[in-house]
Amino acid sequence: MSTKEFVSQQRNAVNFLFGLIMAGLLMFWIWAALDWAFALGWNADPQILWAAPLMAIFGYGVRFFCMKIFRFVESN
């Protein structure tokens, strides 16, 4: 397996896992927002309303640096 194929597979794996994590984070945020807005009694933690966007920003940063590392490995 060539380095380009390996890096391509790693890049696809990072993108897939990032998508799964962001989808789960969005579901938690919607769950907390609905519970907060309509008092549905689901016992959602209201702190997720401000913590989820920070987690998403951190996740985008980690993904960005992963892609930079993959680009560096692919070019050498």
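Student: Where does Trp36 lie?

Tutor: Trp36 lies in helix H1. Helices here are DSSP runs of H or I with at least four residues, numbered from the N terminus. This is a predicted model, in which local features need pLDDT of at least 70 and side-chain atom pairs count only at pLDDT 80 or more, while totals for chains, interfaces and linings use all residues. Residues are numbered from 1 along each chain as its sequence is written, and side-chain values use heavy atoms, with hydrogens and water left out.

Student: Why does Trp36 count as exposed?

Tutor: Its relative accessibility is 63%. Exposed means over 50% relative accessible area, buried means under 20%, and partly exposed is in between (1.4 Å probe, protein chains only). Trp36 therefore counts as exposed.

Student: What makes Trp31 partly exposed?

Tutor: Trp31 also lies in helix H1, which covers residues 3-38. The relative accessible area of Trp31 is 33%, so the label is partly exposed.

Student: Which residues form the nonpolar patch on the surface together with Trp31?

Tutor: Leu26, Phe28, Trp29, Ile30, Leu34, Phe38, Leu40 and Trp42 form the patch with Trp31, and their accessible area together is about 890 Å². Such a patch is made of residues with over 30% relative accessible area and no salt bridge, where nonpolar side chains (Val, Leu, Ile, Met, Phe, Trp, Tyr) are joined within 5 Å and like charges within 9 Å. Accessible areas come from the Shrake-Rupley method with a 1.4 Å probe, and for residues only the protein chains shown count as cover.

Student: Why are H1 and H2 called roughly antiparallel?

Tutor: The axes of H1 and helix H2 (residues 48-75) cross at roughly 175° and come within 10 Å. Axes are lines fitted to C-alpha atoms, for helices over the stretch in contact, and angles run from 0 to 180 degrees between N-to-C directions. Angles over 145 degrees count as roughly antiparallel, under 35 as roughly parallel, 65 to 115 as roughly perpendicular and the rest as oblique. H1 and H2 are therefore roughly antiparallel to each other.

Student: How do you know that Arg11 and Glu74 meet in a salt bridge?

Tutor: The N to O value for their side chains is 3.4 Å. A salt bridge is a side-chain nitrogen of Lys or Arg within 4 Å of a carboxyl oxygen of Asp or Glu, and by this rule the count comes to 1 salt bridge. Arg11 lies in helix H1 and Glu74 in helix H2, so the pair ties together parts that are 63 residues apart in sequence.

Student: What is the phi of Ala39, and where is Ala39 found?

Tutor: Phi of Ala39 is near 50°, a positive value in a residue other than glycine. Most residues other than glycine have a negative phi. Ala39 is found in the loop between H1 and H2, and its relative accessible area of 66% makes Ala39 exposed.

Student: What is the phi of Asn43?

Tutor: Phi of Asn43 is near 60°, again a positive value in a residue other than glycine. Asn43 lies in the loop between H1 and H2 and is exposed, with a relative accessible area of 71%.

Technical notes. Helices (H or I, at least four residues) and strands (E, at least two) are DSSP runs, numbered from the N terminus.
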